[in-house]
Amino acid sequence: MKGTVIKSTGSYYDVRLEEDQRVVTNCRIKGKMRTDDIKSTNPVAVGDYVSISIEAGEGMITEVLPRKNYVVRRASNLSKQTHVLAANVDQALLVATINYPVTTPVFIDRFLASAEAFDVPVILIFNKVDRYDQQLKEELKSFEAIYKNMGYEVIEISAKHDEGLEQVKEILKGKVSVIAGHSGVGKSTLINKIEPGLNLRTDEISETNNSGKHTTTYAEMHPFSFGGYIIDTPGVRGFGITGIEKNEIAHYFRDIFKISDRCQYNNCTHRHEPGCAVKQAVEEGELPYSRYQSYINIVDSSTSKYR
């Protein structure tokens, strides 16, 4: 039998059967399983297509079928491994906030580069716009201009006040989407407003350190009544690019990759080489310094450290 993993608690997995999608089977992994395409702490992720068998009345996952793509974050342990948040998705929604809590440009750029590397289209959603003063609104417009110029779709919303939700709903219809972002940015609130029957647990952010509390503790796929699915993920602090050489990282920064065609050397690292068009573009204001800084941050971290 074949099916799709719709919930993962780390030890057990709920699998929706392909032949009858009304049937969900609780499964464990049979023996030691590995996926060949990524060094990960979890061999099975929500969204994975799997083969299962029933042994002694218990569901067993016997095989993970090839993935078309996946979204990863850094593992919580000290190894260089990653943790697959979701697999086989049509798009990713990255929910960010200029404040309450702060989402840094480096965090956004890490996610975009990681998604680019694994062929996951991304839509940027800036939430809590109702709370922004004039200074934060100007900062938001600067952010939006950077990513819109690269071809990313950017949406402003206030999930709390139902602003922009119809636009998000249209994007979600008929697709398998994963939603990600820091704890406290309003992912669960957004999903609840779009599909009230789900009743995902939410919590207020801490007023003392302006950070969110983890309300989603494991990844789970939820169906929409209007068609499509959303994979809700725990709030994460960092995304990683794994299995990619340092000299390839620039390929996943759309703006840097485009400018690098003008560099004097084909293998330019955009750091110290003469005739570097990327460094020149930063100096002349063509390339935002925040993007260049994010690129350097990722190269220096070399997938083993995250900020």
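**View 1. Helix H4 gives the most to the lining of the largest cavity, with three residues.** The model shown here and in the other views is predicted. H4 spans residues 187–194, and helix H3 spans 165–172; each of these helices supplies at least two residues of the lining. The lining is made up of Leu93, Val168, Leu172, Ile179, Leu190, Ile191, Ile194, Phe224 and Ile230. By type, these residues divide into nine nonpolar, no polar and no charged. The volume of the largest cavity is about 40 Å³. The count of cavities of 30 Å³ or more comes to one.

**View 2. Helix H2 covers residues 134–149.** H2 has 16 residues, and from its first C-alpha to its last it reaches 23 Å. This is close to the 22 Å expected at 1.5 Å a residue. Which residues of H2 are buried? They are Leu136, Leu140, Phe143, Glu144, Ile146 and Tyr147. These residues lie on the same side of H2, because the arc they cover around the axis is only 160 degrees. Gln134, Gln135 and Asn149, on the other side of H2, are exposed.

**View 3. Helix H7 has 13 residues.** Its reach from first C-alpha to last is 18 Å, close to the 18 Å expected at 1.5 Å a residue. The buried residues of H7 include Arg291, Tyr292, Ser294, Tyr295 and Ile296. Asn297, Ile298, Val299 and Ser301 of H7 are also buried. What covers the buried residues of H7? The cover includes H1 and H2, together with helix H5 (254–259) and helix H6 (277–283).

View 4. The chain has 307 residues, of which 53% count as buried. Contacts between residues at least 6 apart in sequence join, in 64% of cases, residues at least 24 apart. Among the helices of the chain are H2, with 16 residues, and H7, with 13 residues.

Conventions
Residues are numbered from 1 along each chain as its sequence is written. This is a predicted model: local features need pLDDT of at least 70, side-chain atom pairs count only at pLDDT 80 or more; totals for chains, interfaces and linings use all residues. Side-chain values use heavy atoms; hydrogens and water are left out. On a 1 Å grid over the protein atoms alone, a cavity is a set of points where a 1.4 Å probe fits but cannot get out, and a pocket is an open set with protein on both sides within 12 Å along at least five of seven lines; lining residues have an atom within 4 Å of a point. Grid points are joined across faces, edges and corners, and a volume is the space filled by probe spheres set on the points. Helices (H or I, at least four residues) and strands (E, at least two) are DSSP runs, numbered from the N terminus. Ala, Val, Leu, Ile, Met, Phe, Trp, Tyr, Cys and Pro count as nonpolar, Asp, Glu, Lys and Arg as charged, and the others, Gly among them, as polar. The expected span of a helix is 1.5 Å times one less than its number of residues. Buried means under 20% relative accessible area, exposed over 50%, partly exposed in between (1.4 Å probe, protein chains only). The arc is that of the directions from the helix axis to the C-beta atoms. Contact means heavy atoms within 4.5 Å.
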